[in-house]
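Thanks for giving me a few minutes this morning.

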Amino acid sequence: MFSRDRWKEIIEVLTTNWFRTLLTAFGVFWGILILIILLAAGKGLENGIRADFGDIATNTMFVWTRSTTKAYQGLPIGRRFSYTTDDVAAIWAEIPGLRFVSPRNQIGSSEPNVIRGVNKGAYNIYGDYPEIIRQDPLTITSGRFINPLDIQESRKIAVIGQGVVQDLYEEGTEPIGSFVTIQGVNFKVVGVYKKEGNEGNQNAQKEIYVPFSSFSKAFNRGNRVGWMAITAQDGMPITAIKEDIFSLLKKKHKIAPDDKRAVGHFDLYEEFSRVESLFGAMRFIAFFVGILVLISGVIGVSNIMLIVVKERTKEIGIRRALGASPFSIKLQILMESVFLTIISGMFGIVVGALFIYGINYVLDLSGPVDMFMSPTVHVGVVISALVILIVSGLFAGFIPARSAIKVKPIEALRTE
Amino acid sequence: MGMIEIKDLHKSYQMGSNSLHVLKGINFSVAPGELVAIMGSSGSGKSTLLNILGMLDEANEGSYVLDGVPIKNLNETKAAQYRNKFLGFIFQSFNLINYKSAAENVALPLYYQRMPRKERQEKALKYLEQVGLKEWATHLPSELSGGQKQRVAIARAMAAEPKVLLADEPTGALDSKTSYEVMDLIQKINDAGNTILVVTHEPDIADMCKRIVHLKDGVIVEDKKVKQVRAADYV
């Protein structure tokens, strides 16, 4: 198989008709190129969307309240209600498989609500538990985040975003240890954060986190809870247990069990699974289209090999008269086919890689693009593409090789 | 013991519903060192006989023994081996491989004998020298004249050192001057002790052999020894 003469012959045959060889090779080249580009584009989209999700704990849902849409136990339709800290305790007590249940409160930012010295600004203010940092991650760039002691002692401390620092502080001023006035109440800044992921979203950097207990006291929330972020343990999809949580909440707040609208929620896991299945579908389409294009290339190779065999009928006849065994003829045709497929396929892979490299280079230069980020192709994919190439080369050569050994030397020698 | 022993050889071709009986019981034998002309008009079965002798085709009936080896029920791989080992072919249309040089063409049967590359090249050159074409070793067939091509083909047939050379109308595509040159070469090879069978329909070519076998309608009608005319006299 690795005899020098055989390779010499393969090269000789393939270079006898350069133009035809190139055209044939182009089919396979194009197929593998399309496959790689499609897969890379899919991966780029996937990376982009994943980056938008950031490091957020995806097995999470958010629950809030809305007005009831059914009268129940003598209570009227359209009633408003609030969750309380009791609900948090009840969920912990009655629903197994949960990791975090974080009650949250919020003050909106429609008008300036934070003052520092002569500067003021409008920011979202959140009352939170320390766990929230593991559900909706943020990076502490200096100082610290809220800790359990802050909650226990209702300390009036705040963790502010980099955007807030930019707005309220002069260049070079150290925010840690300074005070900000939130709706007339002073909070001591203990930490500065930065949010990764949502690059485009400057608002995410302009938030202020204070301990949940301090928030409730400072802004008169009593034991009320604005909404909750609930994360289930790994391996236990929140989607599977969310109905239990809804039932519990409905029972506690005297809401009709069949009232679908009273408990509002957003299921991140479900949303994420949907996106995941979209990724899966994209990969499938990329493979499907890519392999179809590749197959048409392979059929091209097979076709040309058939023509080559036909053209070389006489030569094959001569060889067999001189003592070439059918196996040797078959091997020759198969190797030509596999060689042509692999060479053109490799070329396709290289060009595909260069193309992806170019795209990445342009992306790096022009900065981040929405929903698209570092398109790549996994090495495993490239290897499997090579395996597909070898197999399809064999496949492409098989029929021509069979027709080559069907040639009877005597008939072959008669063709003039 | 003859080089070729043929007994009661029959061959018929199926043409749709008709059966064409081409060889109707051929008996003949060839001793080592003979130069035999097989003559006959077209349709007499001479090419069929040669194809069977060359293991390119198989007889329906009868026996064929080549140098003591019965040629029977060969599969393609075995037939290829025997052809390579026992037989050298010379064709009317030369049948050189056109993208290979003269030397490579001559070396081809040796390649199928799995002879090492170096040895193969040396041997090819040696045989090209014998046919007087050593200087043309690196030329492609398209750069050679008809007579030269046939001489390359003869060198190729000789290279494997076969027991029998089979020539199918070796001069059919050549003018008479080159024909005689080629026949001269064949006679010289025969003089060296090689057994050669020449299929021809040209009486002057047949006269240059030592024995003429006449075929007509699938049977041997005449088998006679003749006084050999030396081709060299005409060159």
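Please find Gly88(B), whose bridge partner in strand 7 of chain B is Leu165(B). Keep in mind as we go that everything I describe comes from a predicted model. The two strands involved here are strand 6 and strand 7 of chain B, the latter covering residues 164-168, and they pair in the parallel sense over 4 bridges.

Moving along the order, strand 3 (residues 35-39) and strand 9 (residues 211-216) of chain B pair in the parallel sense over 4 bridges, and within strand 9 of chain B the bridge partner of Ala37(B) is Ile212(B). Strand 9 and strand 10 of chain B, on the other hand, pair in the antiparallel sense over 6 bridges, with Glu222(B) in strand 10 of chain B as the bridge partner of His214(B). These two strands form a hairpin with 2 residues between the strands, and in this hairpin Asp217(B) takes a positive phi near 50°.

Chain B has another open sheet, made of 4 strands in the order 2-1-4-5, and its pairing is antiparallel. Its edge strands are strand 2 (18-30) and strand 5 (69-70) of chain B, each of which pairs on one side only. Strand 4 of chain B, residues 61-66, is joined to strand 5 of chain B by 2 bridges, and Leu66(B) has Val69(B) in strand 5 of chain B as its bridge partner. Helix 1 of chain B, residues 46-53, packs on this sheet and touches strand 1 (4-15), strand 2 and strand 4 of chain B, its direction making about 115° with that of strand 1 of chain B.

Let me turn to the place where the two chains meet. How much area do chain A and chain B bury between them? The value is about 2300 Å², with 52% of it on carbon and sulfur atoms. On the chain A side, Asp5(A), Leu322(A) and Ile410(A) lose the most area to chain B, together 25% of what that side buries. The contact takes 26 residues from chain A and 24 residues from chain B.

Side chains of opposite charge can pair when their charged atoms come close. Between chain A and chain B the count is 4 salt bridges, and Glu9(A) forms a salt bridge with Lys100(B), where the closest N and O atoms are 2.8 Å apart. Helix 1 of chain A gives the most to the side of chain A that touches chain B, namely 7 residues. By class, that side of chain A has 9 nonpolar, 4 polar and 13 charged residues.

There is also a salt bridge inside chain A, where the side chains of Glu12(A) and Lys8(A) meet at 3.6 Å, N to O. Because these residues are 4 residues apart in helix 1 of chain A, about one helical turn separates Glu12(A) from Lys8(A).

I will finish with Asn119(A), which lies in strand 5 of chain A, residues 119-121. Asn119(A) and Glu170(A) are 51 residues apart in sequence, while their C-alpha atoms are 9.6 Å apart in space. Their side chains make a polar contact, at 3.4 Å.

Key
Residues are numbered from 1 along each chain as its sequence is written. Chains are lettered from A and ligands numbered from 1 in the order in which they are written. This is a predicted model: local features need pLDDT of at least 70, side-chain atom pairs count only at pLDDT 80 or more; totals for chains, interfaces and linings use all residues. Side-chain values use heavy atoms; hydrogens and water are left out. Contact means heavy atoms within 4.5 Å. Buried area is the accessible area (1.4 Å probe) that two parts lose on being put together, summed over both. Ala, Val, Leu, Ile, Met, Phe, Trp, Tyr, Cys and Pro count as nonpolar, Asp, Glu, Lys and Arg as charged, and the others, Gly among them, as polar. Two strands pair if DSSP finds at least two bridges between them. Axes are lines fitted to C-alpha atoms, for helices over the stretch in contact, and angles run from 0 to 180 degrees between N-to-C directions. A polar contact is a pair of N or O atoms within 3.5 Å; within protein, one must be able to donate a hydrogen and the other to accept it, and residues adjacent in sequence count only if both atoms are side-chain atoms.
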